[in-house]
Amino acid sequence: MREVISPLVRISEKVLSYLPWGARLYMEPYREVVLKEIELAQLKPGEKVLQIGSGALPYSAIFLAELAQVSVCALDIDQVAVKRAVYWVEKLGLSAKVKVKEGNGRDFPASDFSAAFVALQAKPKGEILTNLFSQGPGGLRVVVRQPLERFKSQYEAVPITWKCQNKVQQKMLTFSSQLFY
């Protein structure tokens with residue numbers, strides 16, 4: 001099946017990034033999701049975190065910085081999304097805690113981070129994980145959002161050859177869990 005949902009989400013986030021009330025409504029359900037991810041990764045204040053796939057509304061990076069009191073480097077491959085994400089980070093006064101960069105999780109250096117979070121839309125997940133574990137420091141903690149079974153044709157799942165250490169269930173429209181490596 002042709003991928004339709006992920007491109008629609010990217011477009012929707014870009015449009016909503018110009019509508020403050022819409023952006024805030026869109027971002028709010030992710031607060032609880034990120035709280036579970038923080039607990040799963042056992043983040044501590046002051047840690048440096050890599051967030052792959054920020055999108056135009058970098059809610060994961062924002063909530064990681066606010067709720068866990070960590071420094072976040074948020075990546076996205078889309079130049080427009082990066083510009084809009086920078087706007088939101090600045091608007092919320094989080095420029096000291098969140099840096100948004102254009103980059104790809106397949107080859108971005110991960111050696112300076114203690115944890116990495118991989119968005120549902122990020123791909124190819126196997127290559128991203130390979131990069132994180134080959135370039136990241138020993139003990140790098142990685143959390144990856146996993147699509148619901150019915151959406152695996154729309155979002156790439158982590159290859160079944162990658163065995164996670166733990167996972168947490170979610171009740172989101174498009175993803176069912178976060179896997180911890």
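Author: Two residues are in contact when they have heavy atoms within 4.5 Å of each other. This is a predicted model, in which local features need pLDDT of at least 70 and side-chain atom pairs count only at pLDDT 80 or more, while totals for chains, interfaces and linings use all residues. Residues are numbered from 1 along each chain as its sequence is written, and side-chain values use heavy atoms, with hydrogens and water left out.

Reader: With which residues is Val168 in contact, leaving aside its neighbours within four places in sequence?

Author: They are Lys36, Leu40, Ser176, Ser177 and Gln178. Val168 itself belongs to strand E6 (residues 166-169); helices (H or I, at least four residues) and strands (E, at least two) are DSSP runs numbered from the N terminus.

Reader: At what angle do the axes of helix H1 and helix H2 cross?

Author: Axes are lines fitted to C-alpha atoms, for helices over the stretch in contact, and angles run from 0 to 180 degrees between N-to-C directions. The axes of H1 (residues 5-16) and H2 (residues 20-27) cross at roughly 135° and come within 8 Å. H1 is therefore oblique to H2, given that under 35 degrees counts as roughly parallel, over 145 as roughly antiparallel, 65 to 115 as roughly perpendicular and the rest as oblique.

Reader: Which residues of H1 and H2 meet?

Author: Val9, Glu13 and Leu16 of H1 meet Pro20, Gly22, Ala23 and Tyr26 of H2.

Reader: Where is Gln42, and what is its phi?

Author: Gln42 sits in the loop between helix H3 (30-41) and strand E1 (48-52). Its phi is near 55°, a positive value in a residue other than glycine.

Reader: What kind of peptide bond joins Lys123 and Pro124?

Author: That bond is cis, with omega about 0°. Pro124 is in the loop between strand E4 (115-118) and helix H6 (125-135).
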